[in-house]
Amino acid sequence: MTGRTETLDTAAVVRASLRGRRFNPAGVAFEATLLLMLLVSLLILVTLLADIVIGALPVFRDRGVDFVTSGISLDSSTAGVWTALLGSIGITLIVAVVAFPLGIGAAVYLEEYAPDNALTRFLQTNIRNLAGVPSIVYGLLGLAVFVRLVDLIGLGGPDTTAGRNVIAAGITLAVLVLPIIIITASEALRAVPDTIREAGFGVGATQWEVIRHHTLPAAAPGILTGTVLALARAFGETAPLLVIGVATGFFSAGSAGLFDRLTGTYTALPAVVLSWSRQADPVFKENLAPAAIVVLLVVLFVANGSAVILRNRYERRW
Amino acid sequence: MGVAVESRDQALVESPIVFDVAGLNVHYGDFHAVKDVGIQIRRNEITALIGPSGCGKSTVLRCFNRMNDLIETARVSGSIRYHDVDLYGSDVDPVQVRRHIGMVFQKPNPFPKSIYDNVAFGPKIAGFDGDLDELVEQALTQAALWDEVKDKLNDSAYALSGGQQQRLCIARAIATSPDVVLMDEPASALDPIATLRIEDLMQGLKENYSIVIVTHNMQQAARVSDRTAFFTVDMEETGQRTGVLVEFDETSTIFTNPGEKRTEDYITGRFG
């Protein structure tokens, strides 16, 4: 057989095998199943959202922003989420003030300073475990420690509240989201290439200068995203608040000042959703609770959206 | 032998010693990375450290600016005297060491900041209080990058090409007015033209600085360096591999008349 005929034969074989595209039923069935799974998941979400929005629609149609700016009330025609919204925002701000510095500080220490030994790895593993602890456990911690502590240092408000206020709730939820912040900040710091640190040390920077000028700024977008997600978690958290005494009934907040709002009886959006869904008056259950959920979701979407925008802007600069 | 070496009529003038290394050993944990190294780095010369992968040439380089301090398991013993000061003495501040001894890394690693800030960072943290703009221009000019970037100093350093980024890193290293510049395979990630530019640049820099360059490109060592140290990997009795210095001499001698068989085998490409 000469080289030339061999080439011709090979070409003929290739040509024959290229023709006749085959139908692969197993592959198509697999793809269709996956698509179906996706659609089912989406359908559940869409049904849920649609149900809520349909229930909430009459409230926003009839009352508009009045629903958002009205305080809690036993009368379904005047009840609104204002008190709860303020409570939730107050709690979230306290969470931010407490958990940001603690979480980021702990992450910087773990990633940049701590020696890589058994103790550090033990700590890291357990911080991950803490992130998985059911939130109600943090509620018990908050009741046993932070409610009393807040009362003890004189921020407990009137005797009827005795520490069961926004401050105690904020600290409790801060502890709850602390592991999440530490983990995401650690991951963001770990993602900064070592070559950047070496470059910093190489021009004679101290460890602090390297962290301050290079590592932290490079990790900032990741840290920011993680912390905003943690805040969103705190904003929607319900179980621990119930344990540490969020008001689920009617109370008069009236025109209380800032200090009274911080130290006195409070409520939060998820707690209001819970209490309204248990009311005898069907309007509370069928319309007002969904409307409160819509407010909660809108705040969360805005928060997450602004985090994404902030992060993108930061990243685009360099 | 396939490697062109400039012919030199006379031996190099013995300029003052900057680094005097004797009996240097480096361990990473149980791993004996470098064994009993002794060399001298002289002022305004380019000293090349060459050898196969794993021979410890980068490890030795990183001893000169105490970069190995950053690796927890690293242990350095023996003596490195820098201008007759024990570099690893207990009263020596590694941060100060690195302000006198600049470093350029294997992969261009500019800070994720502007071109200007990349160069200005070192002088700023060192407390430079003169005209920063002028200093940045000087450093970039010395690094042969000024003309290419003078109109976009506030652009991100990441917008530059690989070769430009590496010259920016050189500008950053010399902006703190160091005494020595260490280069760890500075051209290994660059194309031949960018490599040539870096090599040309080094010849100019040598007027002001003493340069130590690690390279596994023998032609590069032959082209740019005044003295060459050849390292290789030895098997210890325990079966562990360790880096050893085989020969240290003027580059022309190493490449034309090496004293050791192993050096000759390596530079003629007959190595293992």
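Which residue meets A:Arg233 in a salt bridge? Select A:Arg233 together with A:Glu237, and you will find that their side chains form this salt bridge at 3.1 Å, N to O, where a salt bridge is a side-chain nitrogen of Lys or Arg within 4 Å of a carboxyl oxygen of Asp or Glu. A:Arg233 counts as partly exposed at 32% relative accessibility, whereas A:Glu237 counts as buried at 10%; buried means under 20% relative accessible area, exposed over 50%, and partly exposed in between, with a 1.4 Å probe and protein chains only.

Before moving on, some notes on the model. This is a predicted model, in which local features need pLDDT of at least 70 and side-chain atom pairs count only at pLDDT 80 or more, while totals for chains, interfaces and linings use all residues. Residues are numbered from 1 along each chain as its sequence is written, chains are lettered from A and ligands numbered from 1 in the order in which they are written, and side-chain values use heavy atoms, with hydrogens and water left out.

Over all chains, the rule gives a count of 23 salt bridges. Select A:Arg190 and A:Glu111 next, whose side chains meet in a salt bridge at 3.0 Å, N to O. A:Arg190 lies in helix H7 (residues 166-190) of chain A and A:Glu111 in helix H4 (residues 82-113) of chain A, so the pair ties together parts that are 79 residues apart in sequence. Helices (H or I, at least four residues) and strands (E, at least two) are DSSP runs, numbered from the N terminus.

In chain B, select B:Lys150 and B:Asp147, which form a salt bridge with their closest N and O atoms 3.7 Å apart; B:Lys150 counts as partly exposed at 38% relative accessibility, and B:Asp147 as exposed at 60%. Then select B:Glu14, B:Arg42, B:Glu45 and B:Arg227, which are linked in a network of salt bridges.

**A helix and a patch in chain A**

Now select helix H8 (residues 194-202) of chain A, which is largely enclosed by the rest of the structure because seven of its nine residues are buried. Among the buried residues of H8(A) are A:Ile196, A:Ala199 and A:Phe201. Just after H8(A), look at A:Gly204, which takes a positive phi of about 90°.

For a view of the surface, select A:Leu35, A:Leu38, A:Leu39, A:Leu42, A:Leu45 and A:Leu48, which make a nonpolar surface patch of about 580 Å². A:Leu39 is in helix H2 (residues 25-63) of chain A and is partly exposed, with a relative accessible area of 45%.

**Where the chains meet**

Finally, show both chains and select the residues in contact (heavy atoms within 4.5 Å): there are 26 from chain B and 19 from chain A. The area buried between chain B and chain A is about 1900 Å², of which carbon and sulfur atoms give 67%; buried area is the accessible area (1.4 Å probe) that two parts lose on being put together, summed over both. In chain B, select B:Phe111, B:Pro112 and B:Phe121, which lose the most area to chain A, together 24% of what that side buries.

The rule finds two salt bridges across this interface of chain B and chain A, and B:Arg99 forms a salt bridge with A:Glu209, with the closest N and O atoms 3.9 Å apart. On the side of chain B that touches chain A, helix H2 (94-100), strand E7 (101-104) and helix H3 (115-125) of chain B each supply at least two residues.

Terms used: Patch = residues over 30% accessible without salt bridge, like charges linked within 9 Å, V, L, I, M, F, W, Y side chains within 5 Å. Areas by Shrake-Rupley, 256 points an atom, 1.4 Å probe, with all protein chains shown as cover.
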